[in-house]
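I opened my notebook to look up confidence and charged pairs. My notes are below the model.

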Amino acid sequence: MEKKDMSRKNRSPEENARRAKIRELLQMANIDSMDDIQNLFKERRIGHIWLII
């Protein structure tokens, strides 16, 4: 019987690299929870215009 990967998805090396970079940036910004992520976006929103930093 073939052993199956227990991960949710089979991700490409590019996707894995992108996700690793996102994790690194979140750690640098001291983002620890979904609330922190939502607050980050709230802080960057002005009216209906989003600032991309």
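These entries go from confidence to salt bridges.

**Ground rules.** I am reading a predicted model, where local features need pLDDT of at least 70, side-chain atom pairs count only at pLDDT 80 or more, and totals for chains, interfaces and linings use all residues. Residues are numbered from 1 along each chain as its sequence is written, and side-chain values use heavy atoms, with hydrogens and water left out.

**Confidence.** I looked up pLDDT, the predictor's confidence in each residue, from 0 to 100. The chain averages 76, and 64% of its residues reach 70 or more. I then went through the elements, which are DSSP runs numbered from the N terminus (helices: H or I, at least four residues; strands: E, at least two). Helix α1 (residues 13-28) has the highest mean pLDDT, 91. Strand β2 (residues 49-50) has the lowest, 56.

**Salt bridges.** How many salt bridges does the rule give? I count a side-chain nitrogen of Lys or Arg within 4 Å of a carboxyl oxygen of Asp or Glu. The count is two.

**Glu-15 and Arg-18.** Their closest N and O atoms are 2.9 Å apart. Both residues sit in helix α1, three residues apart, about one turn of the helix. I checked exposure next (buried is under 20% relative accessible area, exposed over 50%, partly exposed in between; 1.4 Å probe, protein chains only). Glu-15 is partly exposed because its relative accessibility is 24%. Arg-18, at 44%, is also partly exposed.

**Glu-24 and Lys-21.** This salt bridge has an N to O distance of 4.0 Å. Again I found both partners in helix α1, three residues apart. Glu-24 is partly exposed at 37%, and Lys-21 is partly exposed at 43%.
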